[in-house]
Every structure is written in C-alpha cells, then in structure tokens.
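Trainee: I would like to study the charged pairs and the surface of a structure. May we work through it by question and answer?

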Amino acid sequence: YELLVAMQSRMRLLVPLTLLLVLLLLYANFGRLAPALIVLASVPFALVGSIWLLALLHYNLSTAVWVGLIALVGLATQTGVVMVVYCDVAYLKARREGRIRSFDDIVEATLEGSVQRVRPKLMTVATMMIGLVPLLWSQGAGADVMKRVAAPMVGGLFTSAFLTLETITVIYTWWRYREWQRAAEPPPETETP
C-alpha cells in the first residue's frame, strides 16, 4: 500500500510534466500553439480505448499501466503530428494554387491531406499492434508486468486509429477556416483625433 501511495504521488507530478514536455516539443516543431493543441486533442480519444481495455481485462492502475499510458500519449501524438503535417501540406498547396475561396475549399484541401494519411496511419497502427498484441497472451517471467504495459497501448491504438482521423481533420478544418476568415476581414478603421 505504501508503494502504491508513493507511486501515485510521483505520477501526479510525472503525468502533467510529460504532457507539458510533449506540448513544448510540439510547439517547437510547428512554431505555433494551435497545431500543437490540435495534435494533443487526439490524446483523450486514445485514452478512451485504453480505459476500455483495462476495464475489460480487470487491470488496476499500477506503475506498469501508467508506463503504458505515458507511452500511448507518445504514440497518439506521433500519429497526430503526421496527420496535421499531411493536412498542412495539402492546405498550403491549395492556397498557393489559389483554390481556397470558401469553407468547402478548406474542407476539400483537408480531406485531400487526410485521405493521403489513411493508409500510412493504418499500416503504422497495424505494425504496432502486431508487436504488442502477443504480449497480452504471453506467459512466463515478467509477463504480468508486460501485459499491463501493453494493454493501454493496444486499446489506445485501436480507438485512436479511427477517432484521430475524424477528430483532427474536423478541428484542423475549423482552425484553418477561422484563420482564413481573420485574414479576409479588413483591418478595423482607427479614428484620428
């Protein structure tokens, strides 16, 4: 019990610190806060699958489960970054070509970028699943710990594979539309004294 309490107090510090570090790295990568927050928006959807699988397997929160959850944040962030990069490339290409004239054009450009990302994302998730799923059935020395590390990642990868494709594209489209609207608005007139 004392070890559990000590671990929980450490995790109260490490989990927010990890999320802050991920946010700082994303900000350094994109140079803007909005894309970094869009990528981080995919993390809760990955955690949904983790929680479901942990409940299904009757695993309690332990150090190994927390390690799996922290690793899942990295995996979800990685796939989210690639999704935003693909959407950015498609949007900027469409803007350069003068094809962005309305909300529908932004949706089309985002869709073009996200469709290009479906196969690589599913291949990445499938590769990770092929490596992690056998750990759930492993037996022998250390299997109990490895199962608890792998379970959050397997559940999270399953839900993030589908929910991230939808969530990031919608949020990205909304963000680009708001940005486009602001750029299209004339600057406010200033009164001269």
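Mentor: Let us start with Arg-32, which counts as partly exposed because its relative accessibility is 38%; buried means under 20% relative accessible area, exposed over 50%, and partly exposed in between, with a 1.4 Å probe and protein chains only. This is a predicted model, in which local features need pLDDT of at least 70 and side-chain atom pairs count only at pLDDT 80 or more, while totals for chains, interfaces and linings use all residues. Residues are numbered from 1 along each chain as its sequence is written, and side-chain values use heavy atoms, with hydrogens and water left out.

Trainee: With which residue does the side chain of Arg-32 meet in a salt bridge?

Mentor: A salt bridge is a side-chain nitrogen of Lys or Arg within 4 Å of a carboxyl oxygen of Asp or Glu. For Arg-32, the N to O distance is 2.5 Å, and the partner is Glu-179.

Trainee: How many residues apart are Arg-32 and Glu-179?

Mentor: Arg-32 is in the loop between helix H1 (2-30) and helix H2 (33-40), whereas Glu-179 is in helix H6 (residues 143-184). Helices here are DSSP runs (H or I, at least four residues), numbered from the N terminus. The pair links distant parts of the chain, and the separation is 147 residues.

Trainee: Is Glu-179 buried or exposed, and at what relative accessible area?

Mentor: The cut-off for buried is under 20%. Glu-179 is therefore buried, as its relative accessible area is 16%.

Trainee: Which residues are linked in a network of salt bridges?

Mentor: The structure holds five salt bridges. Some of the charged residues are linked in a network, namely Arg-32, Asp-88, Arg-176 and Glu-179.

Trainee: Which helix holds Glu-112, the salt-bridge partner of Arg-99?

Mentor: The side chains of Arg-99 and Glu-112 meet at 3.8 Å, N to O. Arg-99 lies in the loop between helix H4 (63-96) and helix H5 (103-136), so the pair ties together parts 13 residues apart in sequence, and Glu-112 lies in helix H5.

Trainee: What is the N to O distance between Glu-97 and Arg-99?

Mentor: Glu-97 is partly exposed, at 46% relative accessible area, and Arg-99 is partly exposed too, at 27%. Their side chains meet in a salt bridge, with an N to O distance of 2.8 Å.

Definitions and conventions
Helices (H or I, at least four residues) and strands (E, at least two) are DSSP runs, numbered from the N terminus.
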